[in-house]
Structures are given as structure tokens and as C-alpha cells.
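Here are my notes on the model you sent over. Have it open while you read.

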Amino acid sequence: VARLRQYRVQAIVHAAGSCHYTSDNDLIRGNQQLTQYWLDVGRALDVERFVYISTAFCGGRRDGILPERLHQDGEGEDLTRYMWSKRTTEH
């Protein structure tokens, strides 16, 4: 973080994550923990904006338009471990 201060970072756009479908540990590390790391870096750098880009696939298989909102865990019959991980990270 100290080396990043020289660049006067104003925003972080975070779109990285894990698409591992069979390992909860990889999903937790690659989604939740990685996102928390970048949030912590952003706070330490006092950034003005943190943008988290998640995935459209967390909405599940549905017809129609998905509203722009956080989806609750267990919402939808096709919740996978990947979807759980992404939704948990968004919250």
C-alpha cells in the first residue's frame, strides 16, 4: 500500500474473482477474501470510489428482467456454490 500512495489512486475497479465450481475454499479466497483485500487497500489509500463488478450469472436461470439489487442467499431454486459465493461477496 505504501508504494501505491505515490500514484494518488482515486478509484479501484475490482472485477477479479474465482469461477471454481467445486471448491468452497477457492471460491471464498478468490471472491470474498480477495474483494475484502481490495476494500482494505482502498480504505488505506482513502480512495474516493470502489467499484465492484460481479457477474450476471448470480441471478440464476430466470425469465424476464432482473432488478438491480442484492439477491438474498437461497433465493432461486438453482443456487450453486458459485452463486452463493458471489452473492455473499456482494453483501
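The points below go from the strands to the helix packing.

1. First, a caveat: this is a predicted model. Keep that in mind for each point here.

2. Strand β1 covers residues 11–14 and strand β2 covers residues 49–52. The two run parallel, and four bridges join them. If you want a spot to look at, find I12, which stands opposite F50 in β2.

3. What sits with the two strands? Helix α2, residues 24–45, makes a β-α-β unit with β1 and β2. The handedness of that unit is right-handed.

4. Now the helix pair. α2 packs with helix α3 (residues 81–90) at an angle of about 20 degrees, and their axes are 9 Å apart. Angles under 35 degrees count as roughly parallel, so α2 is roughly parallel to α3. The crossing of α2 past α3 is right-handed.

5. Which residues make the contact? From α2 come D24, L27, I28, N31, Q32 and T35. They meet R81, Y82, W84, S85, K86, T88 and T89 in α3. By class, this contact has four nonpolar, six polar and three charged residues.

Notes:
Residues numbered from 1 in each chain as written. Predicted model: local features only at pLDDT ≥ 70, side-chain atom pairs only at ≥ 80, totals over all residues. Heavy atoms only, no water. Pairing = 2+ DSSP bridges. Right-handed = clockwise from strand over helix to strand, strands pointing away. Axes fitted to C-alpha atoms, helices over the stretch in contact; angles between N-to-C directions. Parallel < 35°, antiparallel > 145°, perpendicular 65-115°, else oblique. Left-handed = near helix turned anticlockwise from the far one by under 90°. Contact = heavy atoms within 4.5 Å. Nonpolar A, V, L, I, M, F, W, Y, C, P; charged D, E, K, R; others polar.
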